[in-house]
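Good morning, and thank you for coming.

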Amino acid sequence: MTRTLVVVGNGMVGHRAVQALRDRDAEGTWRVVVLAEESRPAYDRVALSSYVDTWDAGTLSLPEHDESVQVRLGDPVRHIDRAAKVVTTASGHEQGYDALVLATGSRPFVPPVPGHDLPGCHVYRTIEDLDLIRASGGRSAVVIGGGLLGLEAANAVRLMGMAPKVVELAPRLMPLQVDEGGGALLRRQVERLGLEIHCGVSTVAVEAGGNGAAAGVSLADGTRLDADVVVFSAGIRPRDELARESGLAVGERGGILVDESCRTSDESIYAVGECACLEGRVYGLVGPGYAMAEVVADRLLGGGAVFPGADTSTKLKLLGVDVASFGDAHAASPGALEVVHNDPVSGSYRKLVVSDDAHVLLGGVLVGDASQYATLRPLVGRPLPADPGSLVAPAGGVDLALPDEAQVCSCHAVTKGQITCAINESGCTDVASVKSCTKAGTGCGSCVPMLKQLLDECGVVQSKALCEHFEQSRAELFEVVRATGIRTFSQLIAGYGKGRGCDICKPVVASILASLATGHVLDGEQAGLQDTNDRFLANLQRNGTYSVVPRIPGGEITPEKLLVIAEVARDFGLYTKITGGQRIDLFGATVDQLPPIWRRLVDAGFESGHAYGKALRTVKSCVGTTWCRYGVQDSVALAIDLELRYRGLRAPHKIKAGVSGCARECAEARGKDFGVIATELGWNLYVGGNGGFKPRHADLLVSDVDTETLVRVIDRFLMFYVRTADRLQRTAAWIEAMDGGLDHLREVIVDDSLGICADLESAMAEHIDSYQDEWRGVLEDPEKLARFSSFVNAPGVPDPTISFREERGQRVPTVQLGMPTEGLLAGPNISEVAAR
Amino acid sequence: MTAVDELTWTAVCEFGDLEPERGVAALLPGGEQVALFLTYAGTLHALSNVDPFSGAAVLSRGIVGDRTGMPVVSSPVYKQAFDLTTGQCLDEPDVRVRTYPVVVWDGFVRVGSP
Ligand code: SRM
Ligand SMILES: Cc1cc2nc3c(=O)[nH]c(=O)nc-3n(C[C@H](O)[C@H](O)[C@H](O)COP(=O)(O)OP(=O)(O)OC[C@H]3O[C@@H](n4cnc5c(N)ncnc54)[C@H](O)[C@@H]3O)c2cc1C
Ligand code: SF4
Ligand code: FES
């Protein structure tokens with residue numbers, strides 16, 4: 001029998017509850033109806049502040065539910081009839097339920113000071129709030145509240161071009177998370193960014209200007225601050241009005257009272273997330289909300305889950321300052337002692353809270369440098385592994401032996417024991433495999449350093465050796481080749497490796513030599529290093545034939561050129577298909593046909609598309625301003641320029657790119673290794689995306705830059721990648737594996753923290769200058785041409801094992817006679833394919 | 001090579017046509033294809049050109065190198081390695097490709113087949 005679950009509220013926690021239920025309710029015992037006040041689909045509120053980077057709400061979207069879930073947007077519930085088990089929405093829609101989940105979240109608290117409702121006063125909770133603040137076009141802003149959200153709001157306002165002032169009632173910033181010492185350091189750091197801070201003072205009124213809108217804020221100490229924008233961020237209040245009105249029990253300070261199963265005083269009604277009051281507390285963090293969502297999903301399916309307790313530790317980077325707080329950060333436990341290390345010069349503050357005998361860690365505060373957070377947080381409530389003084393000292397390189405039950409990843413509640421088991425028993429050998437095996441590290445990411453440490457502790461030597469012939473990693477070999485000037489494989493392996501190489505190291509060395517612009521890829525010994533695809537400058541197919549992919553920069557092509565492709569395909573009997581990369585692939589050419597095919601293409605002005613190489617593939621474009629009514633920049637011209645600039649660049653793996661003319665993103669730029677999206681002011685650059693085996697969206701690197709800056713940053717990005725990535729590591733995996741990740745990358749290639757940018761740029765300039773079409777190079781060199789023959793003793797005779805049949809009017813390979821039995825024919829499994 | 005006398009020897013190319021570690025394919029009178037390899041150390045090997053895993057006649061286009069010192073070619077299709085001397089596949093113990101006797105005589109490379 002199918003029962004009906006109604007979820008009121010489509011925020012992060014309501015969304016998670018539905019997802020958890022749909023994941024587990026395979027039999028479909030629940031029909032789910034979501035009734036939402038907001039008119040857009042559920043989104044990631046935690047990441048709300050990043051909306052100012054792109055003004056693209058799509059970047060915040062959460063996974064969509066399957067089609068069985070009915071979602072009614074923009075129609076809030078106004079009434080619950082508990083006796084009849086029916087809810088009524090604002091529009092009068094009635095919906096019966098068997099179980100009801102209230103996930104109505106909270107609302108920002110606006111102190112009732114005079115003028116709090118003037119035009120120009122805002123709160124900071126929804127996408128619409130941010131749109132309104134932006135649209136106000138204000139120049140001076142005051143943020144009321146210096147807590148976590150207040151500082152986030154202040155930064156957002158700063159990024160919108162206003163100089164924010166922050167007013168905090170408590171004597172320090174972030175009073176809930178940090179103590180006086182940490183707050184003082186935090187204050188100094190954010191003041192350096194130009195924020196004006198007023199602590200320990202209350203707001204008396206918002207004053208109106210001549211136009212009746214907010215113009216200033218007056219404080220209790222007599223200060224008056226100019227402000228045409230006022231943002232209230234002074235705490236939150238649970239939205240329990242619906243519950244109150246229908247007679248459900250609520251907490252003393254608000255919040256719908258629930259027990260440890262998240263059930264309210266009515267046994268068919270649950271409450272989860274920021275609207276719920278559990279054990280006398282209302283949690284303002286998403287982690288505890290998610291835990292409640294999981295409990296309810298389990299209960300609805302007959303399980304007995306209870307709320308596991310919440311970890312309210314926080315670690316964040318606010319305005320570039322690391323702030324972390326965990327456990328009993330304020331030393332509220334009886335007899336608790338504080339051990340502090342404060343270094344105002346280097347800008348770091350560390351405090352540990354320990355039990356009265358200094359043996360047990362109770363909590364701590366870290367400001368400025370929170371690198372110890374991942375190792376300290378799991379130790380809360382446990383005996384200290386060393387004396388507290390040495391733990392807070394700057395280079396506290398102390399061995400922190402954690403017990404197995406210690407929770408290492410609080411986002412996904414993964415213990416040290418589960419992680420070491422994944423390493424020792426399931427054979428995980430790197431952070432990536434630990435992540436996919438246990439989910440640890442896939443939330444906020446703050447536990448990743450700990451995962452690395454655990455791998456080390458388990459004795460996993462993360463070998464860098466390329467293969468049995470070279471001890472070095474690809475990046476190291478790159479440096480060897482660059483520094484020594486060695487230009488042949490034989491010299492390199494004689495000096496730095498052993499044996500005669502293999503199908504791993506040979507293509508790597510070939511790629512390194514090619515990246516260093518050392519002539520044609522098929523010159524001399526280099527030809528024998530190449531994978532078959534590079535050796536014949538074409539992709540090998542299952543039957544031994546090859547494909548031909550001419551470059552079509554940006555996907556733009558004239559009818560005349562299309563005709564040439566069509567004629568070549570017809571004359572050589574090639575199967576023709578439009579690829580996923582905005583160009584045309586011609587399949588089924590034999591080795592000896594490749595040169596005459598390319599002769600015709602090159603004569604017509606085509607060049608190699610490098611579909612075969614670990615190299616730049618395509619720069620996908622959308623039509624942009626030229627044709628599209630929404631375009632804000634000329635995306636086609638930029639895509640063509642970029643494709644021509646980087647064509648032929650050999651790299652550790654293939655590189656794909658895209659340029660979209662506006663935030664609608666028709667070129668799917670965020671699914672590319674580098675993607676450019678036009679803005680009204682210039683271009684946003686995203687890096688580290690891909691489709692393929694493990695899809696990932698690219699992350700914003702720089703925004704609103706002009707074309708010249710954009711190209712300079714891409715030059716540096718690509719050259720840094722070419723030099724330092726591992727073999728077959730796409731840019732996404734490369735950035736993920738980098739210490740410090742995207743932030744580090746930005747420091748290196750935008751802020752030039754290593755001083756290598758000029759070198760990277762000149763290396764790219766060298767590549768661009770020395771570019772030559774590889775196919776033209778073959779056609780002009782009789783010696784290279786001679787290698788494109790089927791048989792050394794019968795050059796004109798086609799391979800007799802290749803035959804074709806017809807399908808949908810085109811030639812496709814036939815399964816050949818004499819092919820081995822089925823077992824042997826099975827292709828490699830997906831993980832092998834992905835590894836190549 | 002006890003059966004040498006009964007073999008047909010086909011001259012497929014001049015020795016100078018071969019480049020170290022770069023295979024070529026040759027067609028035998030019966031329509032069989034062999035892959036010929038000259039190693040860096042100067043030894044000569046002839047294997048069936050057909051990759052048993054894909055059925056494609058492409059082994060001559062694989063990368064030549066060594067596994068723990070043993071000369072091998074790896075298939076360009078799914079990358080399994082084959083011992084150049086015996087034809088044994090090093091990744092699948094049950095798979096072996098045919099090898100052919102090969103000699104250089106009068107400057108010509110000759111492959112023997114029944
Ligand atoms: C022809 C094409 C499919 C089509 O019919 O559209 C294609 C065909 C092949 N893809 Fe692809 N991919 C093609 C677009 C894509 C796309 C879509 C795109 O580029 O927009 C993707 C996902 C996006 C991405 O890469 O981020 C894609 C992800 C892959 C992958 C997985 C890469 C990964 O990082 O996981 C491989 C395997 C690899 O490169 O290791 C692959 C490998 C291959 C190879 C080269 C396999 C091989 O080694 O033989 C296929 C050979 C084609 C041939 O014989 O010419 N192909 N491949 C597309 C050619 C695009 C082009 O014009 O160059
Ligand atoms: C800027 C910002 C930064 C944050 N950063 C962090 C962070 O770093 N870490 C962290 O853990 N947390 C953070 N939070 C808090 C986190 O976003 C919340 O804990 C989380 O969103 C709570 O989810 P929820 O579903 O309970 O509430 P909400 O996300 O508020 O969702 C409640 C939904 O219910 C709807 N609703 C209310 N009443 C009704 C009704 N009667 N009928 C229908 N719908 C109704 C509301 O419109 C809303 O859409 C942040 C919050 C903000 C605003
Ligand atoms: S991305 Fe924007 S400009 Fe480009 S085609 Fe789509 S809507 Fe038009
Ligand atoms: S603690 Fe957030 S991902 Fe592990």
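This is a predicted model: local features need pLDDT of at least 70, side-chain atom pairs count only at pLDDT 80 or more; totals for chains, interfaces and linings use all residues.

**Two chains and their contact**

I begin with chain B, where buried residues make up 57% of the 114 residues; buried means under 20% relative accessible area, exposed means over 50%, and partly exposed is in between, with a 1.4 Å probe and protein chains only. Residues are numbered from 1 along each chain as its sequence is written, chains are lettered from A and ligands numbered from 1 in the order in which they are written, and side-chain values use heavy atoms, with hydrogens and water left out.

How many helices and strands does chain B have? Chain B has zero helices and ten strands; helices (H or I, at least four residues) and strands (E, at least two) are DSSP runs, numbered from the N terminus. The accessible surface of chain B is about 4800 Å², and 53% of it belongs to carbon and sulfur atoms; such areas come from the Shrake-Rupley method with a 1.4 Å probe, and for residues only the protein chains shown count as cover.

Chain A contains 28 helices and 38 strands. Of its 836 residues, 52% count as buried. Chain A exposes about 35600 Å², with carbon and sulfur atoms supplying 51% of it. Contact means heavy atoms within 4.5 Å. Among the contacts in chain A with a separation of 6 or more, 61% come from residues 24 or more positions apart. For chain B, 43% of the contacts between residues at least 6 apart in sequence join residues at least 24 apart.

Let us turn to the interface. The contact takes 44 residues from chain A and 36 residues from chain B. Together the two chains bury about 3200 Å², 52% of it on carbon and sulfur atoms; buried area is the accessible area (1.4 Å probe) that two parts lose on being put together, summed over both. R500(A), R535(A) and V792(A) supply 19% of the area that chain A buries against chain B, more than any other three residues.

How many salt bridges does the rule find across the interface of chain A and chain B? There are four, where a salt bridge is a side-chain nitrogen of Lys or Arg within 4 Å of a carboxyl oxygen of Asp or Glu. In one of them, the side chains of K79(B) and D531(A) meet at 3.1 Å, N to O.

Another links E21(B) with K506(A), the closest N and O atoms being 2.7 Å apart. This pair joins two chains, because E21(B) lies in the loop between β1 (8–14) and β2 (24–27) of chain B and K506(A) in helix α15 of chain A. E21(B) counts as buried at 9% relative accessibility, and K506(A) is buried with a relative accessible area of 0%.

R787(A) and E19(B) also form a salt bridge (3.4 Å, N to O). R787(A) is in the loop between α26 (782–786) and β37 (804–807) of chain A, and E19(B) is in the loop between β1 and β2 of chain B, so this pair too joins two chains. E19(B) counts as partly exposed, at 29% relative accessibility.

V591(A) lies in the loop between β31 (584–589) and α18 (594–603) of chain A. Is V591(A) buried or exposed? At 4% relative accessibility, V591(A) counts as buried. Leaving aside neighbours within four places in sequence, V591(A) is in contact with F536(A), Y546(A), F788(A), S789(A) and R61(B).

Within chain A, the side chains of R551(A) and E643(A) meet in a salt bridge (2.7 Å, N to O). R551(A) lies in the loop between β29 (546–548) and α17 (559–572), and E643(A) in helix α20 (residues 635–646), so the pair ties together parts that are 92 residues apart in sequence. Both R551(A) and E643(A) are buried.

D106(B) has a positive phi of about 65° although it is not a glycine. D106(B) is placed in the loop between β9 (102–105) and β10 (108–113) of chain B, and it counts as exposed at 63% relative accessibility.
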